[in-house]
Amino acid sequence: MDGSALLDLLLPALRSPLGALAFVPLYALWVTLLLPGVWASMLAGALYGTWWGSLIVFVGACLGAEAAFLLGRTWMRNWARRRLAVVPKLLAIEQAVSREGLKLVLLTRLSPAFPFSLLNFAYGLSEVSLRDYSIGLIGILPGTILFCGLGALAGDVARFGEVLSGEADAGTWALRIGGLLATVASVWLAGKAAQRALGNRDA
């Protein structure tokens, strides 16, 4: 079976309700294995749309983040320490979050300067409570919605010819693109604010 035939079988399965449920633990595993979540988030957006995709990704990302946090705090603590030794910025975050807890967790989640997967292990090495760490995961929502929105838009690009031919409502497309641009602006502003706040702490 060639790749395109396999894809033709997998996509309808993933689009089903059971496929959506299966996507959650798959995304969690993806995060735990330190793989970049951007492409998986965009795939979720293309498969399930912006809002359902965002919900699925958020749940999966939270599960994977919790698993990485607990692994970094227990069985994989020495491995995590060696892995983060080459990223001084994350080691500094580990020390700072032990002092400041929830506020710093939220700020680093909003800032695009910190890799999501490695950050989970850094928090595991810190003294931050599981409660504050879990609440801080709310900070990934803006980026989650953004990447799922990009994926949903990319999934519809093939149908853009319907707009040009008058078979689809151009106003609906304009609203979707406008909403996506507003989300990009919001994520950018939130990230800049978070970086400024983190910079003030370093000063």
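**Entry 1: Trp-79**

I started with Trp-79, which is partly exposed at a relative accessible area of 31%. For my own reference, buried means under 20% relative accessible area, exposed means over 50%, and partly exposed lies in between, with a 1.4 Å probe and protein chains only. A note on the source: this is a predicted model, where local features need pLDDT of at least 70 and side-chain atom pairs count only at pLDDT 80 or more, while totals for chains, interfaces and linings use all residues. Residues are numbered from 1 along each chain as its sequence is written, and side-chain values use heavy atoms, with hydrogens and water left out.

**Entry 2: the whole chain**

I then stepped back to look at the fold. How many helices and strands does the chain have? I found 12 helices and 0 strands; helices (H or I, at least four residues) and strands (E, at least two) are DSSP runs, numbered from the N terminus. Of the chain's 203 residues, 38% count as buried. The chain exposes about 11,200 Å², and carbon and sulfur atoms supply 69% of that area. These accessible areas come from the Shrake-Rupley method with a 1.4 Å probe, and for residues only the protein chains shown count as cover.

I also checked contacts, meaning heavy atoms within 4.5 Å. Among contacts with a separation of 6 or more, 77% are between residues 24 or more positions apart.

**Entry 3: aromatic pairs**

I searched for ring pairs and the structure holds 5 of them. Rings of Phe, Tyr and Trp (its six-membered ring) pair if their centres lie within 6.5 Å; planes under 30 degrees apart count as stacked, over 60 as edge-to-face and the rest as tilted. One of the pairs is Phe-23 with Tyr-48, edge-to-face, at 5.7 Å centre to centre and 85 degrees between the planes. Phe-23 sits in helix α2 (residues 17–32) and Tyr-48 in helix α3 (residues 37–48), so this pair links distant parts of the chain, 25 residues apart. Phe-23 and Tyr-48 are both buried.

Trp-79 is in helix α5 (residues 77–84) and Phe-121 in helix α8, so their pair ties together parts 42 residues apart in sequence. Phe-121 counts as buried, at 1% relative accessibility.

I noted a cluster as well: ring pairs link Phe-23, Tyr-27 and Tyr-48.

**Entry 4: the nonpolar core**

Which residues touch the most other members of the largest nonpolar core? They are Phe-23, Tyr-27, Tyr-48, Leu-84, Leu-90, Tyr-123 and Val-128, out of 41 residues in that core. A nonpolar core here is a set of buried Ala, Val, Leu, Ile, Met, Phe, Trp, Tyr and Cys residues joined through side-chain atoms within 4.5 Å. Elements giving two or more residues to this core are α2, α3, α4 (50–73), α5, α6 (88–100), α7 and α8. The largest share, 9 residues, comes from α4.

Helix α8 has 9 of its 10 residues buried, so it is largely enclosed by the rest of the structure. Ser-117 is found in this helix, α8, and is buried at a relative accessible area of 9%. Leaving aside neighbours within four places in sequence, I found Ser-117 in contact with Val-31, Leu-34 and Leu-35.

Pro-115 lies in the loop between α7 (102–110) and α8 (116–125). Is Pro-115 buried, partly exposed or exposed? Pro-115 counts as partly exposed, at 37% relative accessibility. Pro-115 and Leu-34 are 81 residues apart in sequence, yet 9.3 Å apart in space, C-alpha to C-alpha.

**Entry 5: the surface**

A search of the whole structure gave me 1 salt bridge, that is, a side-chain nitrogen of Lys or Arg within 4 Å of a carboxyl oxygen of Asp or Glu. Arg-131 forms this kind of link with Asp-132, the closest N and O atoms being 2.8 Å apart. Arg-131 is exposed at 59%, whereas Asp-132 counts as buried at 16%.

Last, I looked up a nonpolar surface patch of about 360 Å², made by Leu-29, Trp-30, Leu-33 and Leu-35. Patches are made of residues with over 30% relative accessible area and no salt bridge: like charges are joined within 9 Å, nonpolar side chains (Val, Leu, Ile, Met, Phe, Trp, Tyr) within 5 Å. Trp-30 lies in helix α2 and counts as partly exposed, at 34% relative accessibility.
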